[in-house]
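Dear colleague,

I am passing on the structure below for you to look through.

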Amino acid sequence: MISVNKMTSPLGCAIIAALFFANCHAAGKPNFVIMLMDDMGWGDLGVYGHPAKETPNLDKMAADGMLLPDFYSANPLCSPSRAALLSGRLPIRNGFYSNNDHARNAYTPQNIVGGIPDEEILFPELLQQAGYRNKIIGKWHLGQQPRYHPLKHGFNEWFGAPNCHFGPFDDKKTPNIPVYKDADMVGRYYEEFKIEKSGESNLTQIYISEAIEFIEKQAAADQPFLLYWAVDATHQPLYASRKFLGTSKRGLYGDAVRELDFGVGVILNKLKQLNIDTNTLAVFSSDNGGATYAKTQGGSNGPFLCGKQTTFEGGMREPTIAWWPGRIKPGKVSHQLGSLMDLFTTLVELAGLTPPSDRIIDGISLKQTLFDNKPINRTIFYYRGDELMAVRVGQYKAHRWTWTNSIEEFNKGTDFCPGEIIANVTTHDQTNHSSQPLLFHLGRDPGEKYLIKPASAEYKSVMPGIMQEISKHQAALMPGKPQLNWCDKAVMNWSPPGCEKLNKCITPPPSAPVLCTWPH
(Lines give C-alpha, C1' and ligand atoms only; values in the text may rest on other atoms or scores of the structure.)
Protein backbone atom coordinates (compact mmCIF):
# COMPACT_ATOMS: atom_id res chain seq x y z
CA MET A 1 0.00 0.00 0.00
CA ILE A 2 1.26 3.46 -0.84
CA SER A 3 0.19 6.88 0.32
CA VAL A 4 0.02 9.57 -2.36
CA ASN A 5 -0.01 13.25 -1.42
CA LYS A 6 -0.54 15.91 -4.03
CA MET A 7 2.71 17.08 -5.60
CA THR A 8 2.26 20.03 -7.91
CA SER A 9 5.84 20.98 -8.84
CA PRO A 10 7.32 19.70 -12.13
CA LEU A 11 9.82 17.64 -10.15
CA GLY A 12 7.05 16.22 -8.00
CA CYS A 13 5.03 15.28 -11.07
CA ALA A 14 8.06 13.59 -12.59
CA ILE A 15 8.63 11.58 -9.41
CA ILE A 16 5.00 10.46 -9.39
CA ALA A 17 5.14 9.54 -13.08
CA ALA A 18 8.28 7.50 -12.54
CA LEU A 19 6.85 5.84 -9.48
CA PHE A 20 3.85 4.54 -11.33
CA PHE A 21 5.19 4.06 -14.83
CA ALA A 22 6.14 0.48 -14.19
CA ASN A 23 2.64 -0.24 -12.98
CA CYS A 24 0.78 1.69 -15.71
CA HIS A 25 -1.06 -1.40 -16.78
CA ALA A 26 -2.27 -1.69 -13.17
CA ALA A 27 -3.06 -5.38 -13.55
CA GLY A 28 -5.80 -6.64 -11.29
CA LYS A 29 -7.09 -3.25 -10.20
CA PRO A 30 -10.88 -2.98 -10.21
CA ASN A 31 -12.85 -0.58 -12.38
CA PHE A 32 -15.25 1.93 -10.84
CA VAL A 33 -18.55 3.24 -12.20
CA ILE A 34 -20.16 6.01 -10.13
CA MET A 35 -23.65 6.90 -11.35
CA LEU A 36 -24.70 10.12 -9.62
CA MET A 37 -28.19 11.42 -10.29
CA ASP A 38 -29.29 15.02 -9.89
CA ASP A 39 -32.11 15.87 -7.45
CA MET A 40 -33.38 12.28 -7.49
CA GLY A 41 -35.23 11.42 -4.30
CA TRP A 42 -34.87 8.42 -2.00
CA GLY A 43 -38.39 7.28 -2.92
CA ASP A 44 -38.08 7.52 -6.72
CA LEU A 45 -37.09 3.89 -7.36
CA GLY A 46 -39.37 0.90 -7.37
CA VAL A 47 -37.01 -0.95 -5.03
CA TYR A 48 -37.31 1.97 -2.59
CA GLY A 49 -41.09 1.76 -2.68
CA HIS A 50 -42.33 4.03 -5.46
CA PRO A 51 -45.75 2.68 -6.53
CA ALA A 52 -45.18 3.42 -10.24
CA LYS A 53 -42.56 0.61 -10.37
CA GLU A 54 -40.87 2.14 -13.43
CA THR A 55 -37.21 1.41 -12.64
CA PRO A 56 -36.71 -2.28 -13.58
CA ASN A 57 -32.97 -1.97 -14.24
CA LEU A 58 -32.22 -0.26 -10.94
CA ASP A 59 -34.47 -2.71 -9.13
CA LYS A 60 -32.48 -5.56 -10.71
CA MET A 61 -29.21 -3.82 -9.81
CA ALA A 62 -30.38 -3.86 -6.19
CA ALA A 63 -31.50 -7.51 -6.40
CA ASP A 64 -28.07 -8.44 -7.76
CA GLY A 65 -26.21 -6.22 -5.31
CA MET A 66 -26.69 -4.31 -2.08
CA LEU A 67 -29.31 -1.76 -1.08
CA LEU A 68 -28.05 1.00 1.25
CA PRO A 69 -31.15 2.75 2.61
CA ASP A 70 -29.23 4.76 5.26
CA PHE A 71 -26.91 6.53 2.83
CA TYR A 72 -26.43 10.30 2.78
CA SER A 73 -25.06 13.18 0.78
CA ALA A 74 -22.78 15.61 2.63
CA ASN A 75 -25.00 18.57 1.80
CA PRO A 76 -28.58 19.18 0.64
CA LEU A 77 -27.43 21.01 -2.50
CA CYS A 78 -25.61 19.99 -5.67
CA SER A 79 -22.17 21.66 -5.77
CA PRO A 80 -21.14 21.14 -2.12
CA SER A 81 -22.37 17.54 -2.29
CA ARG A 82 -20.27 16.82 -5.38
CA ALA A 83 -17.19 18.51 -3.93
CA ALA A 84 -17.57 16.34 -0.82
CA LEU A 85 -17.94 13.14 -2.88
CA LEU A 86 -14.76 13.76 -4.86
CA SER A 87 -12.65 15.09 -1.96
CA GLY A 88 -13.96 12.79 0.78
CA ARG A 89 -14.33 15.87 2.97
CA LEU A 90 -17.23 17.90 4.31
CA PRO A 91 -17.90 21.13 2.39
CA ILE A 92 -16.99 23.14 5.50
CA ARG A 93 -13.46 21.65 5.15
CA ASN A 94 -13.03 21.74 1.35
CA GLY A 95 -14.30 25.32 1.02
CA PHE A 96 -17.56 24.63 -0.82
CA TYR A 97 -19.68 26.88 1.33
CA SER A 98 -20.34 30.56 1.93
CA ASN A 99 -20.21 32.57 5.13
CA ASN A 100 -21.79 35.66 3.60
CA ASP A 101 -24.80 34.88 5.75
CA HIS A 102 -25.53 32.26 8.40
CA ALA A 103 -26.52 28.74 7.34
CA ARG A 104 -27.15 29.52 3.67
CA ASN A 105 -26.88 26.97 0.90
CA ALA A 106 -24.51 28.07 -1.87
CA TYR A 107 -23.51 26.48 -5.15
CA THR A 108 -21.72 27.29 -8.44
CA PRO A 109 -23.91 29.31 -10.79
CA GLN A 110 -21.94 30.55 -13.79
CA ASN A 111 -21.13 33.90 -12.16
CA ILE A 112 -19.34 32.28 -9.20
CA VAL A 113 -15.70 33.30 -8.85
CA GLY A 114 -14.55 30.30 -6.82
CA GLY A 115 -14.26 26.60 -7.48
CA ILE A 116 -12.60 23.46 -6.21
CA PRO A 117 -9.26 24.54 -4.66
CA ASP A 118 -6.01 23.09 -6.00
CA GLU A 119 -5.15 22.17 -2.41
CA GLU A 120 -7.98 19.63 -2.34
CA ILE A 121 -6.97 16.13 -3.40
CA LEU A 122 -9.75 14.44 -5.36
CA PHE A 123 -9.87 10.67 -5.57
CA PRO A 124 -9.66 10.71 -9.42
CA GLU A 125 -6.22 12.34 -9.01
CA LEU A 126 -5.04 9.46 -6.85
CA LEU A 127 -6.53 6.86 -9.19
CA GLN A 128 -4.96 8.58 -12.18
CA GLN A 129 -1.53 8.34 -10.56
CA ALA A 130 -2.16 4.64 -9.98
CA GLY A 131 -2.69 3.94 -13.69
CA TYR A 132 -6.41 4.59 -14.05
CA ARG A 133 -8.00 6.46 -16.93
CA ASN A 134 -10.90 8.59 -15.70
CA LYS A 135 -13.87 10.11 -17.47
CA ILE A 136 -16.65 12.37 -16.25
CA ILE A 137 -19.88 12.50 -18.25
CA GLY A 138 -22.46 15.15 -17.40
CA LYS A 139 -22.41 17.93 -14.83
CA TRP A 140 -19.16 18.97 -13.13
CA HIS A 141 -20.43 21.87 -10.98
CA LEU A 142 -17.18 22.56 -9.15
CA GLY A 143 -16.36 25.81 -10.94
CA GLN A 144 -16.73 26.95 -14.55
CA GLN A 145 -13.43 28.83 -14.92
CA PRO A 146 -10.86 26.69 -16.80
CA ARG A 147 -8.52 26.29 -13.82
CA TYR A 148 -11.30 24.46 -11.98
CA HIS A 149 -12.22 22.09 -14.83
CA PRO A 150 -12.13 18.30 -14.35
CA LEU A 151 -9.11 17.76 -16.62
CA LYS A 152 -7.14 19.85 -14.11
CA HIS A 153 -8.38 17.68 -11.23
CA GLY A 154 -7.76 14.05 -12.10
CA PHE A 155 -9.94 13.34 -15.12
CA ASN A 156 -8.50 12.37 -18.50
CA GLU A 157 -11.73 12.87 -20.41
CA TRP A 158 -14.89 14.95 -20.09
CA PHE A 159 -18.13 15.19 -21.95
CA GLY A 160 -20.58 17.51 -20.28
CA ALA A 161 -20.99 20.96 -18.79
CA PRO A 162 -19.47 22.95 -15.93
CA ASN A 163 -22.85 24.25 -14.72
CA CYS A 164 -26.49 23.27 -14.57
CA HIS A 165 -28.47 23.31 -17.83
CA PHE A 166 -30.49 26.43 -16.99
CA GLY A 167 -31.68 28.52 -19.92
CA PRO A 168 -32.20 29.39 -22.63
CA PHE A 169 -30.31 32.68 -22.31
CA ASP A 170 -29.78 35.44 -24.87
CA ASP A 171 -25.95 35.28 -25.09
CA LYS A 172 -25.97 39.03 -24.41
CA LYS A 173 -26.94 39.58 -20.79
CA THR A 174 -26.23 35.93 -19.99
CA PRO A 175 -24.41 33.30 -22.07
CA ASN A 176 -25.82 29.84 -22.59
CA ILE A 177 -23.90 27.12 -20.76
CA PRO A 178 -21.16 25.44 -22.82
CA VAL A 179 -20.88 21.70 -23.37
CA TYR A 180 -17.31 20.36 -23.38
CA LYS A 181 -15.54 17.51 -25.11
CA ASP A 182 -12.42 17.24 -22.97
CA ALA A 183 -10.70 20.65 -22.73
CA ASP A 184 -12.72 22.48 -25.41
CA MET A 185 -16.34 23.45 -25.73
CA VAL A 186 -18.25 21.79 -28.59
CA GLY A 187 -21.44 23.82 -28.34
CA ARG A 188 -23.90 25.33 -25.89
CA TYR A 189 -27.12 24.12 -24.29
CA TYR A 190 -30.22 25.24 -26.22
CA GLU A 191 -28.08 25.91 -29.31
CA GLU A 192 -26.08 22.89 -30.51
CA PHE A 193 -27.47 20.79 -27.63
CA LYS A 194 -31.21 21.29 -27.69
CA ILE A 195 -33.61 21.17 -24.76
CA GLU A 196 -37.05 21.95 -26.12
CA LYS A 197 -39.87 23.64 -24.20
CA SER A 198 -41.69 20.30 -24.32
CA GLY A 199 -38.80 18.74 -22.40
CA GLU A 200 -37.54 16.80 -25.40
CA SER A 201 -33.77 16.44 -25.51
CA ASN A 202 -31.34 13.79 -26.65
CA LEU A 203 -28.79 14.58 -23.92
CA THR A 204 -29.30 11.42 -21.84
CA GLN A 205 -28.87 9.28 -24.96
CA ILE A 206 -25.64 11.13 -25.73
CA TYR A 207 -24.46 10.53 -22.16
CA ILE A 208 -25.26 6.82 -22.49
CA SER A 209 -23.35 6.58 -25.78
CA GLU A 210 -20.35 8.39 -24.29
CA ALA A 211 -20.31 5.93 -21.38
CA ILE A 212 -20.47 2.86 -23.61
CA GLU A 213 -17.73 4.16 -25.92
CA PHE A 214 -15.45 4.81 -22.94
CA ILE A 215 -16.08 1.42 -21.33
CA GLU A 216 -15.42 -0.41 -24.62
CA LYS A 217 -12.21 1.54 -25.21
CA GLN A 218 -10.91 0.83 -21.71
CA ALA A 219 -11.80 -2.85 -21.89
CA ALA A 220 -9.95 -3.14 -25.21
CA ALA A 221 -6.91 -1.41 -23.69
CA ASP A 222 -7.11 -3.60 -20.57
CA GLN A 223 -6.64 -0.48 -18.47
CA PRO A 224 -8.52 0.15 -15.21
CA PHE A 225 -10.94 3.03 -15.32
CA LEU A 226 -13.21 5.35 -13.39
CA LEU A 227 -16.45 6.37 -15.07
CA TYR A 228 -18.22 9.21 -13.24
CA TRP A 229 -21.66 9.34 -14.89
CA ALA A 230 -23.08 12.58 -13.48
CA VAL A 231 -26.26 12.93 -15.50
CA ASP A 232 -28.82 15.64 -14.76
CA ALA A 233 -32.15 14.99 -16.53
CA THR A 234 -34.07 14.96 -13.21
CA HIS A 235 -32.96 18.51 -12.37
CA GLN A 236 -35.24 21.26 -13.63
CA PRO A 237 -35.67 22.00 -16.47
CA LEU A 238 -36.50 18.31 -16.86
CA TYR A 239 -35.81 16.52 -20.13
CA ALA A 240 -36.12 13.15 -21.85
CA SER A 241 -35.65 11.88 -25.39
CA ARG A 242 -38.58 11.40 -27.75
CA LYS A 243 -38.65 7.65 -27.13
CA PHE A 244 -39.34 8.22 -23.40
CA LEU A 245 -41.52 11.35 -23.49
CA GLY A 246 -45.03 10.65 -22.28
CA THR A 247 -44.30 7.08 -21.19
CA SER A 248 -44.42 7.48 -17.40
CA LYS A 249 -47.38 7.60 -15.05
CA ARG A 250 -45.47 10.39 -13.29
CA GLY A 251 -45.29 12.89 -16.14
CA LEU A 252 -42.07 14.44 -17.44
CA TYR A 253 -40.14 13.77 -14.22
CA GLY A 254 -41.01 10.09 -14.50
CA ASP A 255 -40.02 10.09 -18.18
CA ALA A 256 -36.57 11.35 -17.14
CA VAL A 257 -36.30 8.69 -14.41
CA ARG A 258 -37.29 5.94 -16.85
CA GLU A 259 -34.64 7.01 -19.34
CA LEU A 260 -31.94 7.16 -16.68
CA ASP A 261 -32.98 3.71 -15.48
CA PHE A 262 -32.66 2.52 -19.08
CA GLY A 263 -29.15 4.03 -19.20
CA VAL A 264 -28.14 2.18 -16.03
CA GLY A 265 -29.28 -1.06 -17.63
CA VAL A 266 -27.28 -0.38 -20.81
CA ILE A 267 -24.12 0.37 -18.82
CA LEU A 268 -24.35 -2.67 -16.54
CA ASN A 269 -25.18 -4.96 -19.45
CA LYS A 270 -22.16 -3.66 -21.36
CA LEU A 271 -19.91 -4.51 -18.40
CA LYS A 272 -21.33 -8.04 -18.50
CA GLN A 273 -20.95 -8.38 -22.28
CA LEU A 274 -17.29 -7.40 -22.01
CA ASN A 275 -16.75 -9.82 -19.10
CA ILE A 276 -15.48 -7.07 -16.84
CA ASP A 277 -18.49 -6.99 -14.49
CA THR A 278 -16.74 -9.21 -11.94
CA ASN A 279 -13.92 -6.67 -11.76
CA THR A 280 -16.12 -3.56 -11.56
CA LEU A 281 -17.72 -1.83 -8.60
CA ALA A 282 -20.76 0.20 -9.68
CA VAL A 283 -22.50 2.58 -7.27
CA PHE A 284 -25.76 4.42 -7.93
CA SER A 285 -26.81 7.41 -5.83
CA SER A 286 -27.96 11.04 -5.97
CA ASP A 287 -26.41 14.37 -5.05
CA ASN A 288 -29.21 15.52 -2.73
CA GLY A 289 -32.85 14.87 -2.01
CA GLY A 290 -35.72 15.38 -4.40
CA ALA A 291 -36.78 18.97 -5.12
CA THR A 292 -40.09 18.96 -3.26
CA TYR A 293 -40.61 22.65 -4.05
CA ALA A 294 -40.95 21.61 -7.73
CA LYS A 295 -44.15 19.69 -6.83
CA THR A 296 -44.97 17.19 -9.61
CA GLN A 297 -41.82 18.28 -11.47
CA GLY A 298 -39.68 17.00 -8.61
CA GLY A 299 -38.79 13.70 -7.01
CA SER A 300 -40.20 11.68 -4.15
CA ASN A 301 -38.38 11.44 -0.83
CA GLY A 302 -40.49 8.55 0.40
CA PRO A 303 -41.38 8.74 4.10
CA PHE A 304 -38.82 11.43 4.85
CA LEU A 305 -39.41 15.04 5.86
CA CYS A 306 -39.01 17.90 3.35
CA GLY A 307 -36.44 17.75 0.57
CA LYS A 308 -33.58 19.43 -1.29
CA GLN A 309 -32.11 22.52 0.41
CA THR A 310 -32.99 21.25 3.92
CA THR A 311 -31.12 19.13 6.47
CA PHE A 312 -34.17 17.06 7.24
CA GLU A 313 -33.97 13.45 6.03
CA GLY A 314 -35.66 14.23 2.73
CA GLY A 315 -32.89 16.67 1.85
CA MET A 316 -29.89 14.41 2.36
CA ARG A 317 -30.84 10.71 2.40
CA GLU A 318 -30.08 9.19 -1.00
CA PRO A 319 -31.32 6.17 -3.03
CA THR A 320 -28.10 4.16 -3.05
CA ILE A 321 -27.22 0.80 -4.58
CA ALA A 322 -23.83 -0.98 -4.78
CA TRP A 323 -23.16 -3.72 -7.36
CA TRP A 324 -20.16 -5.94 -7.94
CA PRO A 325 -20.94 -9.46 -9.19
CA GLY A 326 -18.90 -12.06 -7.38
CA ARG A 327 -17.81 -9.65 -4.64
CA ILE A 328 -21.02 -8.14 -3.28
CA LYS A 329 -23.51 -10.89 -2.47
CA PRO A 330 -26.84 -10.44 -4.26
CA GLY A 331 -30.01 -9.33 -2.51
CA LYS A 332 -28.32 -7.79 0.50
CA VAL A 333 -29.55 -4.80 2.50
CA SER A 334 -27.15 -2.86 4.71
CA HIS A 335 -28.28 -0.28 7.24
CA GLN A 336 -24.73 1.01 7.51
CA LEU A 337 -24.73 4.79 7.96
CA GLY A 338 -23.03 5.73 4.71
CA SER A 339 -22.05 8.93 2.93
CA LEU A 340 -21.09 9.86 -0.60
CA MET A 341 -17.77 10.91 0.98
CA ASP A 342 -17.13 7.23 1.73
CA LEU A 343 -16.61 6.59 -1.98
CA PHE A 344 -13.34 8.51 -1.74
CA THR A 345 -11.86 6.25 0.92
CA THR A 346 -13.41 3.04 -0.38
CA LEU A 347 -12.27 3.46 -3.98
CA VAL A 348 -8.79 4.61 -3.01
CA GLU A 349 -8.38 1.56 -0.78
CA LEU A 350 -9.73 -0.84 -3.40
CA ALA A 351 -7.20 0.60 -5.86
CA GLY A 352 -4.38 -0.33 -3.48
CA LEU A 353 -3.71 3.17 -2.15
CA THR A 354 -4.18 4.88 1.19
CA PRO A 355 -5.84 8.27 1.65
CA PRO A 356 -3.68 11.36 2.23
CA SER A 357 -2.49 11.66 5.83
CA ASP A 358 -2.01 15.42 5.91
CA ARG A 359 -5.72 16.27 6.32
CA ILE A 360 -8.92 15.00 7.88
CA ILE A 361 -10.84 12.71 5.53
CA ASP A 362 -14.48 12.39 6.54
CA GLY A 363 -15.23 9.40 4.34
CA ILE A 364 -14.70 5.92 5.76
CA SER A 365 -13.93 2.68 3.94
CA LEU A 366 -17.02 0.59 3.29
CA LYS A 367 -15.12 -2.53 2.22
CA GLN A 368 -16.30 -4.67 5.12
CA THR A 369 -19.84 -3.36 4.69
CA LEU A 370 -19.95 -4.17 0.97
CA PHE A 371 -18.21 -7.55 1.14
CA ASP A 372 -19.16 -8.86 4.58
CA ASN A 373 -22.20 -6.72 5.48
CA LYS A 374 -20.54 -5.77 8.77
CA PRO A 375 -21.58 -2.45 10.29
CA ILE A 376 -19.08 0.26 11.18
CA ASN A 377 -19.84 2.84 13.86
CA ARG A 378 -19.84 6.37 12.51
CA THR A 379 -21.59 9.71 12.93
CA ILE A 380 -23.39 11.66 10.21
CA PHE A 381 -23.06 15.46 10.26
CA TYR A 382 -25.67 17.54 8.47
CA TYR A 383 -24.34 20.94 7.35
CA ARG A 384 -26.14 23.82 5.72
CA GLY A 385 -23.62 26.42 4.61
CA ASP A 386 -21.35 27.26 7.53
CA GLU A 387 -23.58 25.73 10.23
CA LEU A 388 -23.76 22.24 11.72
CA MET A 389 -27.54 21.81 11.70
CA ALA A 390 -27.97 18.22 12.87
CA VAL A 391 -26.16 15.03 13.86
CA ARG A 392 -27.09 11.36 13.54
CA VAL A 393 -25.67 8.74 15.91
CA GLY A 394 -27.13 5.26 15.42
CA GLN A 395 -30.90 5.59 15.11
CA TYR A 396 -30.98 8.97 16.84
CA LYS A 397 -30.91 12.33 15.10
CA ALA A 398 -30.47 15.59 16.98
CA HIS A 399 -31.26 18.96 15.38
CA ARG A 400 -29.11 21.83 16.63
CA TRP A 401 -30.79 24.27 14.24
CA THR A 402 -33.97 24.07 12.21
CA TRP A 403 -34.93 26.05 9.12
CA THR A 404 -36.88 25.37 5.93
CA ASN A 405 -36.82 28.71 4.13
CA SER A 406 -37.89 32.27 4.91
CA ILE A 407 -41.53 33.15 5.33
CA GLU A 408 -41.08 35.70 2.53
CA GLU A 409 -39.99 32.98 0.09
CA PHE A 410 -42.70 30.67 1.38
CA ASN A 411 -45.40 33.30 0.84
CA LYS A 412 -44.19 33.72 -2.74
CA GLY A 413 -44.79 30.01 -3.37
CA THR A 414 -41.43 28.36 -2.65
CA ASP A 415 -42.15 25.54 -0.22
CA PHE A 416 -39.38 23.11 0.73
CA CYS A 417 -41.80 21.01 2.83
CA PRO A 418 -45.13 20.95 0.95
CA GLY A 419 -47.95 19.61 3.10
CA GLU A 420 -45.63 19.08 6.06
CA ILE A 421 -45.98 21.44 9.01
CA ILE A 422 -44.43 20.28 12.28
CA ALA A 423 -44.47 22.80 15.11
CA ASN A 424 -41.01 24.03 16.16
CA VAL A 425 -39.40 21.76 13.53
CA THR A 426 -40.25 22.99 10.02
CA THR A 427 -39.50 26.58 11.04
CA HIS A 428 -39.37 29.56 8.68
CA ASP A 429 -36.95 31.35 10.98
CA GLN A 430 -33.49 29.99 11.70
CA THR A 431 -34.13 28.51 15.14
CA ASN A 432 -31.29 27.67 17.51
CA HIS A 433 -31.78 24.49 19.54
CA SER A 434 -28.09 23.88 20.26
CA SER A 435 -28.43 24.11 24.05
CA GLN A 436 -31.22 21.49 23.99
CA PRO A 437 -31.32 19.79 20.56
CA LEU A 438 -34.52 18.33 19.13
CA LEU A 439 -34.25 14.54 19.25
CA PHE A 440 -35.86 11.96 16.97
CA HIS A 441 -35.56 8.19 16.64
CA LEU A 442 -35.35 7.54 12.90
CA GLY A 443 -36.19 3.87 13.24
CA ARG A 444 -39.53 4.49 14.90
CA ASP A 445 -40.06 7.87 13.27
CA PRO A 446 -38.32 8.23 9.87
CA GLY A 447 -40.44 11.29 9.08
CA GLU A 448 -39.10 13.30 12.06
CA LYS A 449 -42.60 14.02 13.31
CA TYR A 450 -42.56 12.93 16.94
CA LEU A 451 -40.12 14.62 19.28
CA ILE A 452 -38.55 12.70 22.14
CA LYS A 453 -39.23 14.95 25.11
CA PRO A 454 -36.19 16.38 26.90
CA ALA A 455 -37.61 15.31 30.26
CA SER A 456 -37.80 11.65 29.18
CA ALA A 457 -35.37 9.01 30.35
CA GLU A 458 -34.58 8.18 26.70
CA TYR A 459 -33.51 11.76 25.94
CA LYS A 460 -31.40 11.99 29.09
CA SER A 461 -29.74 8.68 28.25
CA VAL A 462 -28.95 9.43 24.61
CA MET A 463 -28.20 13.14 24.42
CA PRO A 464 -24.90 13.23 26.39
CA GLY A 465 -23.29 10.86 23.89
CA ILE A 466 -24.52 12.93 20.94
CA MET A 467 -23.27 16.14 22.54
CA GLN A 468 -19.88 14.49 23.02
CA GLU A 469 -19.76 13.65 19.28
CA ILE A 470 -20.61 17.26 18.45
CA SER A 471 -17.92 18.61 20.78
CA LYS A 472 -15.30 16.25 19.38
CA HIS A 473 -16.17 17.21 15.81
CA GLN A 474 -16.14 20.94 16.46
CA ALA A 475 -12.89 20.82 18.42
CA ALA A 476 -11.07 19.29 15.42
CA LEU A 477 -12.76 21.44 12.78
CA MET A 478 -10.62 23.81 10.71
CA PRO A 479 -12.94 25.38 8.10
CA GLY A 480 -11.50 25.81 4.64
CA LYS A 481 -11.46 29.15 2.87
CA PRO A 482 -14.99 29.69 1.55
CA GLN A 483 -15.07 29.42 -2.24
CA LEU A 484 -18.68 30.52 -2.77
CA ASN A 485 -18.65 34.08 -1.41
CA TRP A 486 -17.93 36.13 -4.53
CA CYS A 487 -19.84 36.53 -7.79
CA ASP A 488 -18.82 38.40 -10.95
CA LYS A 489 -20.58 38.49 -14.33
CA ALA A 490 -17.18 38.77 -16.02
CA VAL A 491 -16.33 35.13 -15.16
CA MET A 492 -19.45 33.69 -16.80
CA ASN A 493 -19.19 31.36 -19.80
CA TRP A 494 -18.64 34.13 -22.36
CA SER A 495 -15.53 32.77 -24.09
CA PRO A 496 -14.82 29.21 -22.94
CA PRO A 497 -11.78 27.32 -24.25
CA GLY A 498 -12.49 26.21 -27.80
CA CYS A 499 -15.05 28.94 -28.54
CA GLU A 500 -12.79 30.41 -31.20
CA LYS A 501 -12.94 27.16 -33.22
CA LEU A 502 -16.73 27.44 -33.36
CA ASN A 503 -16.99 31.20 -33.70
CA LYS A 504 -18.91 31.13 -30.38
CA CYS A 505 -16.82 33.57 -28.30
CA ILE A 506 -18.67 36.45 -26.64
CA THR A 507 -17.00 39.56 -25.26
CA PRO A 508 -17.34 39.59 -21.44
CA PRO A 509 -18.33 42.66 -19.43
CA PRO A 510 -15.79 44.42 -17.19
CA SER A 511 -15.03 42.67 -13.91
CA ALA A 512 -17.20 43.87 -11.02
CA PRO A 513 -17.06 41.35 -8.15
CA VAL A 514 -19.80 41.47 -5.53
CA LEU A 515 -20.69 39.33 -2.54
CA CYS A 516 -23.08 36.61 -3.68
CA THR A 517 -26.59 36.62 -2.24
CA TRP A 518 -27.83 33.21 -1.12
CA PRO A 519 -31.53 33.39 -0.18
CA HIS A 520 -31.77 29.98 1.44
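**Sheet and salt bridges**

F159 has K181, in β7, as its bridge partner. These strands, β6 (residues 157-161) and β7 (residues 178-181), are antiparallel and share two bridges, where pairing requires at least two DSSP bridges between two strands, and helices (H or I, at least four residues) and strands (E, at least two) are DSSP runs numbered from the N terminus.

Please bear in mind that this is a predicted model, in which local features need pLDDT of at least 70 and side-chain atom pairs pLDDT 80 or more, while totals for chains, interfaces and linings use all residues. Residues are numbered from 1 along each chain as its sequence is written, and side-chain values use heavy atoms, leaving out hydrogens and water.

Both strands belong to an open sheet of 10 strands with mixed pairing, in the order β8-β7-β6-β5-β9-β2-β10-β11-β3-β12. Because β8 (184-188) and β12 (332-333) each have a single partner strand, one side of each lacks a neighbour in the sheet.

The structure holds 31 salt bridges (a side-chain nitrogen of Lys or Arg within 4 Å of a carboxyl oxygen of Asp or Glu). One of them joins R378 to D342, with the closest N and O atoms 2.8 Å apart; R378 lies in the loop between α10 (367-372) and β15 (379-384) and D342 in helix α9, so the pair ties together parts 36 residues apart in sequence. R378 is buried at 12% relative accessibility, as is D342 at 0% (buried means under 20% relative accessible area, exposed over 50%, partly exposed in between, with a 1.4 Å probe and protein chains only).

Best regards
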